[in-house]
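Let's take a walk through this one together. Keep the sequence and the 3D view open as you read.

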Amino acid sequence: MSDLLLPPEQRFADVIKRRENEDGSELSILNLGPTHPATHGIFQNILLMDGERILDGEGTVGYIHRAFEKIAENRPFYQITPLTDRMNYCSSPINNMGWWMTVEKALNIEIPKRVQYMRVIVMELARIADHIICNSVLGVDTGALTGFLYVFQYREKIYEIYEEICGARLTTNMGRIGGFERDWTPLVFEKIELLLKEFPPIWTEFENLLTRNRIFMDRTINVGPISAEKAISYGFTGPNLRAAGIDYDVRIMTPYSSYEDFEFDIPVGQSGDTYDRFCVRNAEVWESLKIIRQAIDKMPEGPFHADVPDYYLPPKEDVYHNMEALIYHFKIVMGEVPVPVTEVYHAVEGGNGELGFYLTTDGSRTPYRLHFRRPCFIYYQAFNDMVQGQMLSDAIATLSSLNVIAGELDA
Amino acid sequence: MALEQNTIIQSLSDRFGGSVSDFVHIHDILTFEVDSESILEVMGFLKDDATLRFNFLTDICGMHFPDADKSRQFSVVYHMHNWIDNVRIRIKCYLNGDAPEIDSATPLFLGANWQERETYDFYGIIFKGHPQLKRILNMDEMVSFPMRKEFPMEDGGRTDKDDRFFGRTTDNYTQS
């Protein structure tokens, strides 16, 4: 187990040497990335190849490192949300909500039930958008462009819902401390209803297209497998862990934002290979749709934000006509809000797994330290282990099914 | 049978005595300090003990406290999670400011590899026994450790940006 951690030239020194002595043939080094169409982001894999077969590899990451943790130490809390957007940009509302919940936990703010349900809806929409991309792009990487084009318009529909909620589409910067910036308009609910009606048949068709497709199955079954034991040791979470057969889900283990009110299943796979990851994500989309349905049906009446004038911006009309509101507005915008000295760890189930925020405050306007537990960064180190002995084209499928998002990888 | 907090404290104190200290419950997580020399033993015990079963290493991160005593200027914070009883703990190790060194957790958890490299990259904390301790997100040529508090976020020579009135200086450490 321990030699997996060594750099490749050391691990495979004897193979390289033996080859030289025996027939003088050489192993080749292949750069997969940093800008390769199949990496879907900027990161590099240096692969040691024996013909078409991968002996070993080493990942080089950090090409789009933007020092988010350092920047976060210099910003008031409400200005950190845009940084979280840019981590897993395929499901940025989950990151936003996770961050707000972390801050609210540190500040001991009670959140109204309605806000919690709205957050659940928005997070599940984001999860669907995330899984749509991952699974359809896996199809593209194994040679099936049709499914991708077919389902991608529904990501667009989800983005239109975001747009209606907060005005932004990809990097959403959605919400505030304590709730949402405005109440949802009836149009938001109409659009969600429309999505819930139109999307399921499309997703069924997408599943029909690939799930029992002989070519797709041959390309993905037993490709890039990982055992449950190893996955835990590597710190896997999310769909990639569940594909290996472990039913760990943050939404169930430590329910946040009222997830305990909803009934849904946790799909698990068996062998942890590319095909299982694909199936787990497919099934999770159905579960997400179930949760959204329940949340809409059970949506309670009430305010769309908590009553925390210290942290929640007052309505703009009041700011112009009311001294009190003006003072709060000024203080919040300047970041001068009361912050207790504390530390919290809060995790949400992101598109790729347990997205954690470890926040330490010293009572000043900015975090003393903010660490993001980024699931991608932690499980991507297993990639070399997973593709050893596989063909190059299998590595592409594995990479695609792991859903490595460069923004989250590098922070 | 859920794992009680007292059981964790009791079994750790029985086994390691003074090496584990300062048990506090912050929000929903039991937090305690461990001597940097015994971190590997403590984590191994937490992982393998039949009742504790902290099978998952959630997170590793570093912290810098330049104003603290010399012996406590750095810390490494570990979050572990017991999936069977669903209990999280947070372990803190304080390290010397001049030569921050701690044992690597890679023999116990494969996933510690990159997380420790990241901590080294940003804080310069040396993980003894790490198989490949080199920079990961920053470029290899870099000489400083950018998450240390004395490292300015922005180029100090900038004149086009004056944020003093917003409570910011380009050198974020000397911020009053």
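Predicted model: local features only at pLDDT ≥ 70, side-chain atom pairs only at ≥ 80, totals over all residues.

Let's begin with chain B. It has 176 residues, and 54% of them count as buried. You'll find three helices and seven strands in chain B. If you trace chain B from its N terminus, the elements come in the order α-β-β-α-β-β-β-β-α-β.

Now look at where chain A and chain B meet. Chain A brings 53 residues to the contact and chain B brings 50 residues. Between them, the two chains bury about 4,500 Å², with 59% of that area coming from carbon and sulfur atoms. Charged pairs are part of the picture too, since side chains of opposite charge can pair when their charged atoms come close. Between chain A and chain B there are seven salt bridges.

Let's pick out a few of these. Glu343(A) and Lys92(B) meet through their side chains in a salt bridge, at 2.5 Å from N to O. Glu343(A) sits in strand β4 (residues 343–349) of chain A and Lys92(B) in strand β5 (residues 87–95) of chain B, so this pair joins two chains. Are these two residues buried or exposed? Glu343(A) has 7% relative accessibility and so counts as buried, and Lys92(B), at 12%, counts as buried as well.

Another pair to find is Arg88(B) with Glu354(A), a salt bridge whose closest N and O atoms are 3.0 Å apart. Arg88(B) lies in strand β5 of chain B, while Glu354(A) lies in strand β5 (residues 354–361) of chain A, so here too the pair joins two chains. Arg88(B) is buried, with a relative accessible area of 12%, and Glu354(A) is buried with a value of 0%. Then there's Lys149(B), which forms a salt bridge with Glu73(A), the closest N and O atoms being 3.1 Å apart.

Step back, and the structure holds 34 salt bridges over all chains. One of them pairs Asp218(A) with Arg214(A), with their closest N and O atoms 3.1 Å apart. Both residues belong to helix α9 (residues 214–220) of chain A, where Asp218(A) and Arg214(A) are four residues apart, or about one turn of the helix. Both Asp218(A) and Arg214(A) are exposed. Chain A also has a network of salt bridges, linking Glu124(A), Arg127(A), Arg242(A), Asp249(A), Arg251(A), Glu284(A) and Glu349(A).

What about disulfides? A disulfide is a covalent bond between the sulfur atoms of two cysteines. Searching the whole structure turns up zero of them over all chains. Take Cys90(A): the nearest cysteine sulfur belongs to Cys134(A) and is 8.8 Å away, and a disulfide needs the sulfur atoms within 2.5 Å, so Cys90(A) is in no disulfide. In chain B, Cys61(B) is in no disulfide either, and the nearest cysteine sulfur, that of Cys93(B), is 12 Å away. Cys90(A) is buried, at 9% relative accessible area, and Cys61(B) is buried at 1%.

Next, some backbone to look at. Most residues other than glycine have a negative phi. Asn173(A) is not a glycine, yet has a positive phi of about 50°. You'll find Asn173(A) in the loop between α7 (145–166) and α8 (186–210) of chain A, partly exposed at 33% relative accessible area. His27(B) also has a positive phi of about 50° without being a glycine. His27(B) lies in the loop between β1 (20–26) and β2 (29–34) of chain B, and is partly exposed at 27%.

Which residues make up the nonpolar patch of about 290 Å²? The patch is made by Met323(A), Leu326(A) and Ile327(A). Ile327(A) is placed in helix α15 (residues 323–333) of chain A, and its 41% relative accessibility makes Ile327(A) partly exposed.

Note on methods: Residues numbered from 1 in each chain as written. Chains lettered and ligands numbered in written order. Heavy atoms only, no water. Patch = residues over 30% accessible without salt bridge, like charges linked within 9 Å, V, L, I, M, F, W, Y side chains within 5 Å. Areas by Shrake-Rupley, 256 points an atom, 1.4 Å probe, with all protein chains shown as cover. Salt bridge = Lys/Arg side-chain N within 4 Å of Asp/Glu carboxyl O. Buried < 20%, exposed > 50% of the residue type's maximum accessible area, 1.4 Å probe, protein only. Contact = heavy atoms within 4.5 Å. Buried area = accessible area lost by both parts, 1.4 Å probe.
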